[in-house]
Amino acid sequence: MRAQLPGLLMAYTDQGEGRPLLLLHGYPLSRRLWQPQDSLAFVAQHYPAFLPAYQAFGHAAQRVQALRMLLLHHWGGLCVGLEVECLRNVEPLLEGSRLVLAAEPQAPGLPLEGLPPPISTAFIASEPGHPFWATVLAGLLRGGDATSTLLTRNLAQWAGQQHTGKPQAGQPG
């Protein structure tokens, strides 16, 4: 289906029941990639070693989060969650950056002293093939869930590798 909005022609798919879900994308992606069979085909073609872990996720939301990470590794780009409201142009923030990760706001009363703030999955930008995603993919292959906890843990491991040039404890070489 197509909808004509002021200054914009938008193609969309209307299917299923329940609460509406809007998934936005840009070149070179297609709205079809969000269909389960097309997502599986992408993972099978570009990340075949990860396909069994991808299929083992119990919830569609877990597969979507993992897919976002794989797409950022493969094509790069900016991934912004629906809960994010941009109040100004983000280009100056991204200019010259190879990887941009946002921290989750710290909730009062949580015992996070001495720990890095959790990395949000709601705002991520990356160049294609950034080495951070290889660390994340290794974490996913070890049975990690595609969440901000996995990103936070793997950011610490990846940063340690960059500093020492060696994998950190528990991280494959």
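This is a predicted model: local features need pLDDT of at least 70, side-chain atom pairs count only at pLDDT 80 or more; totals for chains, interfaces and linings use all residues.

Q: How much of the chain counts as buried?
A: Of its 173 residues, 33% are buried. As for the surface, the chain exposes about 11300 Å², with carbon and sulfur atoms supplying 57% of that.

Q: What share of the contacts comes from residues 24 or more positions apart?
A: Those account for 56%, taken over the contacts in the chain with a separation of 6 or more.

Q: On to the helices. At what angle do helix 1 and helix 3 cross?
A: Helix 1 covers residues 36–46 and helix 3 covers residues 60–75; their axes cross at roughly 50° and come within 11 Å. That angle is why the two helices count as oblique to each other. The crossing of helix 1 past helix 3 is left-handed.

Q: Which residues make that contact?
A: From helix 1, Ser 39, Phe 42, Val 43 and His 46; from helix 3, Leu 67, Leu 70, Leu 71, His 74 and Trp 75. By class, the contact of helix 1 with helix 3 has six nonpolar residues, three polar ones and no charged ones.

Q: Changing topic: how many residues of helix 5 are buried?
A: Eight of the 11 in helix 5, residues 131–141, so this helix is largely enclosed by the rest of the structure. Among the buried ones are Phe 132, Trp 133, Val 136 and Leu 137.

Q: What comes just after helix 5?
A: Gly 143 does, and it takes a positive phi of about 100°.

Q: How do helix 3 and helix 5 pack?
A: Their axes are 10 Å apart, at an angle of about 150°. Helix 3 and helix 5 are therefore roughly antiparallel, since angles over 145 degrees count that way. Their crossing is left-handed.

Q: Who's in contact there?
A: Helix 3 brings Ala 66, Met 69, Leu 70, Leu 72 and His 73, while helix 5 brings Trp 133, Ala 134, Val 136, Leu 137 and Leu 140.

Q: And how do those residues divide by class?
A: In the contact of helix 3 with helix 5, nine are nonpolar, one is polar and none is charged.

Terms used. Residues are numbered from 1 along each chain as its sequence is written. Side-chain values use heavy atoms; hydrogens and water are left out. Buried means under 20% relative accessible area, exposed over 50%, partly exposed in between (1.4 Å probe, protein chains only). Contact means heavy atoms within 4.5 Å. Accessible areas come from the Shrake-Rupley method with a 1.4 Å probe; for residues, only the protein chains shown count as cover. Axes are lines fitted to C-alpha atoms, for helices over the stretch in contact, and angles run from 0 to 180 degrees between N-to-C directions. Helices (H or I, at least four residues) and strands (E, at least two) are DSSP runs, numbered from the N terminus. Angles under 35 degrees count as roughly parallel, over 145 as roughly antiparallel, 65 to 115 as roughly perpendicular and the rest as oblique. A crossing is left-handed if the near helix is turned anticlockwise from the far one by less than a right angle, and right-handed if clockwise. Ala, Val, Leu, Ile, Met, Phe, Trp, Tyr, Cys and Pro count as nonpolar, Asp, Glu, Lys and Arg as charged, and the others, Gly among them, as polar.
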